[in-house]
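Please find below a short note for a colleague who is new to this structure. The entry itself is shown first.

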Amino acid sequence: MVSRFPRFLTALALPWLVPLSLAPLPLLAMGEPPPRPLEIPLEVPVGDLGQNDRLPDPLRSRYKPAPVGAFPVPQAGALGYPLGLQPSEQAPFGWRLADARNAWRMHTGLDLIAPEGTPVFAVLPGTVRLVDEVGGYGLLVVIDHGLGWQSLYAHLLDVAVLPGESLVAGQPIGRVGSSGSATTAHLHFEWRQMRQGRLVAVDPSPLLQTIGTGPSVAGRAPLPPLP
């Protein structure tokens, strides 16, 4: 005769084991985050997003040419400011804790939180290299400024420029949105350069002039204009 005792133990333990097996793994495995790295790299390798020669068909409904009118007066810093108003908050270039991975990763740009629909402006003259939707960046514009320099504007609501278009400093290129992986409306701005055959992002804060004030966003004196 087969003993019923093992079955009894299994029946008794099962209600306790099932909830544990269904518990989210992060709750079981996640502990305190590791210490933040002490140094912020001066440059961070980034992927080349390529270029296009025309606006992709799915984005035609999001092309909204800016009204004809005066552009903002360029600021005195090395770069004009990409927004027409001060952001309510900003997240700097540097280390950011990725909650999903419980690890630090480099945030390769500057996040400027502003109301959805806020105009976004080109920081320097240049040629539109790319207008597209790209992963977590969402709807973005990349401008080629020559000498290997590029500016990137991501999470846009819509765009006001087309690939290959020549721009002047302060020209509207789109509006702030929350496309891609953004959880709130903001502009993600990156300042990039091709160096020794690789594309890198550098901290744009020392180059940006805040609106109507002398110090830069980083609280430092503006750097001289780029050559």
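1. Basis. This is a predicted model, in which local features need pLDDT of at least 70, side-chain atom pairs count only at pLDDT 80 or more, and totals for chains, interfaces and linings use all residues. Residues are numbered from 1 along each chain as its sequence is written, and side-chain values use heavy atoms, with hydrogens and water left out.

2. Make-up. The protein chain contains two helices and 14 strands; these are DSSP runs, helices being H or I of at least four residues and strands E of at least two, numbered from the N terminus.

3. Of the 227 residues in the protein chain, 39% are buried (under 20% relative accessible area, 1.4 Å probe, protein chains only). Contacts are heavy atoms within 4.5 Å; among those between residues at least 6 apart in sequence, 66% join residues at least 24 apart.

4. Confidence. The mean pLDDT (the predictor's confidence in each residue, from 0 to 100) is 77 for the protein chain, with 68% of residues at 70 or more. Over residues 8-29 pLDDT stays under 50, and the model has four contacts there beyond four places in sequence. Residues 212-227 also stay under 50, with 34 such contacts. Where pLDDT is low, the predicted coordinates should not be read in detail.

5. Gly-197. This residue lies in the loop between β13 (186-195) and β14 (198-202). Gly-197 counts as exposed (over 50%) because its relative accessibility is 72%. Its C-alpha is 9.9 Å from that of Gly-148, 49 residues apart in sequence.
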